[in-house]
Amino acid sequence: MNRWLLILLSISVSISISGILKFICNRYFSTTKPTLYKLPPSPQSIPLISSLLWLGRISTSNIHSILNSLHAKLGPIITIYVGSRPLIFIADRLLAHKALIQNGAVFANRPPASATQKFVTSNQRNVSLAFYGPTWRLLRRNLTENFLHPSRAKSFSHSRRWVLQVLENRLESQEKSGQPICVREHFQYAMFCLLVVICFGDNVDENQIKQIEEVHRRAFLSFNKFNILNFWPRVTKFVLRRRWEEFYQLRKCQQDVSIPLIRTRKYLQEEDRKNMEPHHHGRAVSYVDTLLSLEFPSERRKMNEEEIANLCSEFLNAGTDTTTTALEWIIANLVKYPKIQEKLFMEIKEVAGNGDQVSESDLKRMPYLKAVILEGLRRHPPARLLIPHAVMEEDVVLNNEYLIPKNAAINFLVAEMGWDPKAWEDPLTFNPERFLNHDNGTGQDQFDITGSREIKMMPFGAGRRICPGYQLAMLHLEYYVANLICKFEWKAVDGDDVDLSEKSGRTMVMRNPLQVHLSPRRRPADAALTFSSSDLSFRSGSVGFGLAKKNQRVRVSVCRASSFVFRNLDADDFRHPLDKQNTLILRAIPGLNELGKALLGSVTEQIMLLENIGTSVLVSKNQKRESELSELHQLMTEAAKILNMEAPDLYVRQSPVPNAYTLAISGKKPFVVLHTSLVELLTRKELQAVLAHELGHLKCDHGVWLTFANILTLGAYTVPGLGWLIARNLEDQLFRWLRSAELTCDRAALLVAQDPKVVISVLMKLAGGSPSIADQLNVDAFLEQARSYDRASSSSMGLYIRNAQTRELSHPLPVLRAREIDEWSRSLGYQQLLKRAIQSTTPHDV
Ligand code: HEM
């Protein structure tokens with residue numbers, strides 16, 4: 001035993017004599033208790049000594065075997081004394097029903113939390129540990145009614161699809177290595193990603209998810225290490241100061257990764273409010289969004305960031321390990337029993353057809369799938385004990401027989417309920433059939449997992465404190481099991497039987513983590529189906545891309561594999577946050593709108609329009625077929641189609657300066673201008689990215705400000721009478737906006753090119769390319785250059801120089817744009833957008 005624990009034990013024994021006496025008096029001589037009823041039986045014990053012995057004996061790994069043998073001796077309900085608090089355990093489903101359902105409100109309380117729990121739950125202000133009362137009700141209702149209500153389930157469908165893709169990619173790439181796949185780590189990562197997105201919103205990217213995962217993992221691994229701090233907190237705060245500091249530090253790290261994400265959601269909400277945009281403006285509502293507007297009932301104040309961060313940690317912790325463990329057990333049984341796997345696959349095939357994915361709406365038509373999941377949860381419930389309950393009243397009598405004191409922590413043996421031979425035939429066999437056409441007394445053919453009529457199993461608990469995430473968990477289990485079985489055949493590693501023995505930790509996991517081999521299922525039309533993971537990954541060799549020199553023809557009629565159209569694409573789906581922010585600042589400058597109108601009055605507009613018509617070539621579909629101009633037209637219409645917008649007119653203008661711009665003149669069709677030197681410099685794919693960038697300006701309605709800025713950058717401000725109008729401050733702000741708008745439009749370019757290297761290549765060529773060396777430029781080296789620019793300018797002097805150099809630029813530096821687009825291409829937001837896209841089947845001339 002830990003040396004410090006012994007010291008603590010001695011200290012606590014010596015200074016708690018009065019407490020001990022009180023405890024003995026209460027237990028054996030108290031006259032206030034009704035004598036008719038007794039506490040549930042307990043093993044023979046000597047006061048205090050037994051408590052201390054229990055403390056030494058019980059650990060997470062052996063608690064279940066100890067409890068089982070005590071129940072075998074003493075019956076379905078027992079008491080153990082640990083410290084001064086009686087622990088009551090119930091192993092009988094009828095008693096559980098009496099307590100949790102029939103006396104639901106009485107048994108819905110929680111006992112006081114330990115010191116470390118109090119700290120991480122803002123003093124028991126979270127859903128799982130809050131006392132039964134107004135704070136719990138507020139938080140719980142928010143979770144179940146505002147957030148996890150089944151009517152909202154759809155809002156994160158695209159995230160589930162994204163996570164599925166991530167999971168399948170990871171499994172596939174490990175299978176390729178030839179080594180057996182240990183699935184737990186992949187399932188864990190997938191479930192964590194999903195909950196992070198649901199919690200913080202789908203604007204988090206994978207790097208942020210990894211950071212959060214890293215600190216949560218650290219906290220998880222140190223879980224047992226900090227238990228000792230609760231033994232006598234006032235004393236441990238003194239003798240175990242370092243460990244407390246370590247605990248605080250770890251908690252701070254968890255908050256440090258969450259708080260910026262909470263601030264982002266707050267900022268987005270405020271923006272919506274300022275812009276009077278509809279609530280959440282099409283974004284899926286995250287858990288954080290709902291928490292931001294909650295007010296504690298007793299204190300009449302909103303939650304602070306730390307409190308919100310603590311609730312987010314609860315959300316992630318409650319849902320990740322439980323769902324991961326359940327998933328691993330279910331798949332393990334499907335590997336162990338290939339006939340059940342086959343039967344499940346046949347059902348999936350019948351409902352979902354030969355498609356590559358099972359959709360969420362398909363799940364409803366898969367009763368056998370549901371039976372497999374329920375059987376997995378019955379046979380291997382991940383949580384073997386509930387979170388301890390407590391009674392609300394002084395001394396409660398259960399079943400007219402057992403006295404339950406107010407200070408007792410009450411718990412329920414979950415697995416025993418689901419393994420009761422009186423409720424289930426051959427309960428230890430994995431047999432999903434038992435759930436088919438099971439009406440559980442409800443008159444419906446669906447098994448009632450909430451146990452409201454009768455508890456036959458309770459993997460999610462029952463009654464008022466039943467897991468609020470159970471419907472979400474069921475959806476996730478059904479969705480991932482169905483898709484994983486649809487995609488792969490799961491096989492045991494050669495010759496090995498799947499070992500289903502258990503190991504107790506935070507959840508009851510497989511003692512030997514599941515290892516498998518996977519074979520992709522063969523389908524008749526494999527290649528032609530909806531987009532697959534490889535279409536979504538960025539490979540420099542993707543169709544249509546090449547460092548072909550200009551003039552090399554990259555054409556023939558092809559159906560571009562990467563050509564997706566975004567049917568419902570909205571500008572805010574890809575708008576850079578700085579663009580949004582700077583647009584608001586610009587709008588807030590007094591008089592600017594009026595100035596804009598004056599500048600862009602009909603005379604200026606007319607000048608611009610006539611100049612283009614008069615000096616450039618309009619590119620139209622009427623150009624000679626197969627000519628370069630007709631190709632340009634084709635590139636433009638295709639890009640516009642992908643971005644879900646109408647194509648503007650396109651002009652090519654003679655100029656040695658490689659450039660492109662767009663003008664949106666009021667009342668006229670907007671147009672885009674390409675300089676001839678740009679056409680010389682870029683490949684077709686790159687030219688299309690440039691056109692898409694210009695389309696981005698139109699799509700985002702950059703109209704007035706952009707034309708305004710173009711007048712500045714094209715030199716129109718030298719027109720007598722205009723220049724003086726442009727005040728310095730306005731100019732600065734306009735440039736700042738323009739730079740951020742460029743970042744948005746680089747994103748539009750990426751949406752069309754669907755390969756970040758194409759966009760980065762354009763930026764690189766604009767920075768230093770000439771037609772003669774264009775095909776020697778290296779995109780990766782350019783990205784490395786961006787990183788070294790960041791490093792060189794990270795000092796305070798570097799930052800000063802960087803600001804001074806960029807302040808008056810209309811475009812961000814090319815290296816920074818490249819870095820930005822590279823990061824966005826790896827972000828969750830972008831990948832989710834790609835997943836929303838629909839493959840275009842129209843053949844295009846490229
Ligand atoms: C297979 C997956 C899951 C299992 C087996 C599971 C199981 C449980 C169990 C046994 C309890 C204790 C109930 C009690 O004390 O009476 C519980 C509580 C809870 N679970 Fe889950 N859970 C799962 C997934 C989730 C998910 C996905 C979330 C979050 C979205 C979640 C959030 C919670 C919360 C907040 C509580 C505390 C409820 C309260 O005290 O009112 N769980 N869960």
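**Largest cavity**

I sorted the lining of the largest cavity and got 3 nonpolar, 4 polar and 4 charged residues. Here Ala, Val, Leu, Ile, Met, Phe, Trp, Tyr, Cys and Pro count as nonpolar, Asp, Glu, Lys and Arg as charged, and the others, Gly among them, as polar. A cavity is a set of points on a 1 Å grid over the protein atoms alone where a 1.4 Å probe fits but cannot get out, and lining residues have an atom within 4 Å of a point. Among the lining residues I noted Phe192, His216, Asp321 and Arg506. I found that α9 (183–200), α10 (206–221) and α14 (305–336) each give at least two residues to this lining. The space inside is about 110 Å³, taken as what is filled by probe spheres set on the points, which are joined across faces, edges and corners. I counted 7 cavities of 30 Å³ or more.

**Source notes**

The model is predicted: local features need pLDDT of at least 70 and side-chain atom pairs pLDDT 80 or more, while totals for chains, interfaces and linings use all residues. Residues are numbered from 1 along each chain as its sequence is written, and side-chain values use heavy atoms, with hydrogens and water left out.

**Iron**

I looked up the iron atom of the ligand and found a single protein donor, Cys467 (SG), 2.3 Å away. Donors are N, O and S atoms within 2.8 Å of the metal (3.2 Å for Na, K and Ca); water is not among the atoms, so sites may look incomplete. Cys467 sits in the loop between α18 (414–418) and α19 (470–487).

**Whole protein**

I listed 33 helices and 20 strands, which are DSSP runs numbered from the N terminus (helices H or I, at least four residues; strands E, at least two).

Note on methods:
On a 1 Å grid over the protein atoms alone, a cavity is a set of points where a 1.4 Å probe fits but cannot get out, and a pocket is an open set with protein on both sides within 12 Å along at least five of seven lines; lining residues have an atom within 4 Å of a point.
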